[in-house]
Amino acid sequence: MPDVEITANRGGRVGILTWIVVGLVAGVLASFVMGGGFGLIGDIVVGILGAFVGAWIFRSLGTASPFGGLAGVIFVAFIGALVLLFLLRLVRRRSYRP
């Protein structure tokens with residue numbers, strides 16, 4: 001499985017740009033699937049946090065991404081972003097109930 005940490009360890013502008021691109025793609029795709037979003041910056045943040053959530057889920061299950069390289073990192077981040085959005089909506093729904 002492609003580790004999210006590998007991308008982060010590159011450092012510099014390329015590493016930061018990679019995180020932003022991965023976050024943008026994963027966050028926007030997850031927002032489309034779940035319906036609605038948090039705007040451009042919000043979707044990037046959801047995608048980046050989703051990368052961490054997805055990596056944790058995949059490691060916990062002992063499985064790997066079906067893709068290699070950047071596509072695998074985006075896939076893992078997308079799955080994590082879906083889970084994150086699902087949990088955020090659960091919390092939001094419960095907090096609005098009288």
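Me: Which residues of helix 3 are buried?
Reply: This is a predicted model, in which local features need pLDDT of at least 70, side-chain atom pairs count only at pLDDT 80 or more, and totals for chains, interfaces and linings use all residues. Residues are numbered from 1 along each chain as its sequence is written, and side-chain values use heavy atoms, with hydrogens and water left out. Helices are DSSP runs of H or I with at least four residues, numbered from the N terminus, and buried means under 20% relative accessible area with a 1.4 Å probe, protein chains only. In helix 3 the buried residues are Gly42, Asp43, Ile44, Val46, Gly47, Gly50, Ala51, Gly54, Ala55, Ile57 and Phe58.

Me: How far apart are the end C-alpha atoms of helix 3?
Reply: Helix 3 covers residues 39–61, which is 23 residues. The expected span is 1.5 Å times one less than the number of residues, so helix 3 should span 33 Å. The model agrees, as the end C-alpha atoms are 31 Å apart.

Me: Is Val21 buried or partly exposed?
Reply: Val21 lies in helix 2. Partly exposed means between the buried limit of 20% and the exposed limit of 50%. Because its relative accessibility is 36%, Val21 counts as partly exposed.

Note on methods:
Helices (H or I, at least four residues) and strands (E, at least two) are DSSP runs, numbered from the N terminus.
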